Amino acid sequence: MKKAAPFFVIVAAVLWGVMGIFVRHLERLGLGTMEIVAIRVAVTALILMVFLLCYDRKLLKIKLRDLWLFLTNGLISVILFNFCYYKAMSLTSLSVAAVLIYTSPIMVMIMSAFLFKERIHAQKVAALCCAFGGLIFVTGVLGDSASISVLGLGIGLLAAFGYSLYSILGTLMMKRGYHPLTVTAYTFFIASFVVVPMSDVPAIGVVLFSNGWMWSYLLAFAMVSAILPFSFYTVGLANMEASKASILASLEPVVATLVGVLVLHESISVSAVVGIGMVLVAVVLLNIKFPPVLVRKKDSASTVKRSREMAKQHI
């Protein structure tokens, strides 16, 4: 399973990246950002809770002492992230907000070093720098003339912190023996109690009952944007370092850009192509195991020396 962990995280990033197709359609139907988030959270929570009730009710059991983990994950990782992200987009530009969000791998790397004793080695730092640099090119922030206020910068970094906490809290919960589906289900179940009342529920109702196939469409939206990617990402977290998983998740905006070009017929700049290449290089870097040649030579030399000394003793 550890060998497949990067694959699970990459699949999650790809699914998050194609989410824009659904979002664009829901926007055309007249729904705002908060309403789309509410649909995503509520439908995901409902499906996962019903599934776990039918599949294995034991997966719904959590210990009272761990309740704070689930509450924090639902309230901060989902609600704080979404609220601050959308606020950052209003205070800055879309590209700047996106780049601020993807400072989260840096936060995950630092927190993981303290909490999980994960090593910060040169290969990981190189991949992180490459991925973050690529995201700057993909979003086109270098050519963005919009000024960044102190408030916009702070809100954007706060959103990144909320985004990074899912990796940290998810790792903590699975270290305590919880199933990935349990983590995902309770995260969205708790978040739905806050997000839904903040949205325009009547507007959501109008869209839901506009035609017969909307329920199927929203089911597909929940599966692609939340249930499958969060489950895959959480499984990946259980079998690899949180810092590596967060860097691999940087593929999401790359996939979103490609979807915009190939499916939504949006234009793409040369800088975006360069950025996509840099992010892909970062993914490759994380999955290459460099042989410790120098160590092996040193070890083999010392082994030969010890063998000669032992042979002299026997003689």
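Lys124 is buried, at 0% relative accessibility (buried means under 20% relative accessible area, exposed over 50% and partly exposed in between, with a 1.4 Å probe and protein chains only). The model is predicted, so local features need pLDDT of at least 70 and side-chain atom pairs count only at pLDDT 80 or more, while totals for chains, interfaces and linings use all residues. Residues are numbered from 1 along each chain as its sequence is written, and side-chain values use heavy atoms, with hydrogens and water left out.

Lys124 meets Glu241 in a salt bridge (2.6 Å, N to O); the term covers a side-chain nitrogen of Lys or Arg within 4 Å of a carboxyl oxygen of Asp or Glu. Glu241 is partly exposed at 26%. The partners are 117 residues apart, Lys124 in helix α7 (residues 122-139) and Glu241 in the loop between α11 (214-238) and α12 (242-248); helices here are DSSP runs (H or I, at least four residues), as are strands (E, at least two), numbered from the N terminus. The count comes to two salt bridges. Arg176 pairs with Asp66 in a salt bridge, with the closest N and O atoms 2.4 Å apart. Asp66 is buried at 1%, whereas Arg176 is partly exposed at 41%.

Turning to the rings, the count comes to 18 aromatic pairs (ring centres of Phe, Tyr and Trp, its six-membered ring, within 6.5 Å; planes under 30 degrees apart are stacked, over 60 edge-to-face and the rest tilted). Among them, Tyr102 and Tyr163 are edge-to-face, at 5.9 Å centre to centre and 70 degrees between the planes. Tyr102 is buried at 8%.
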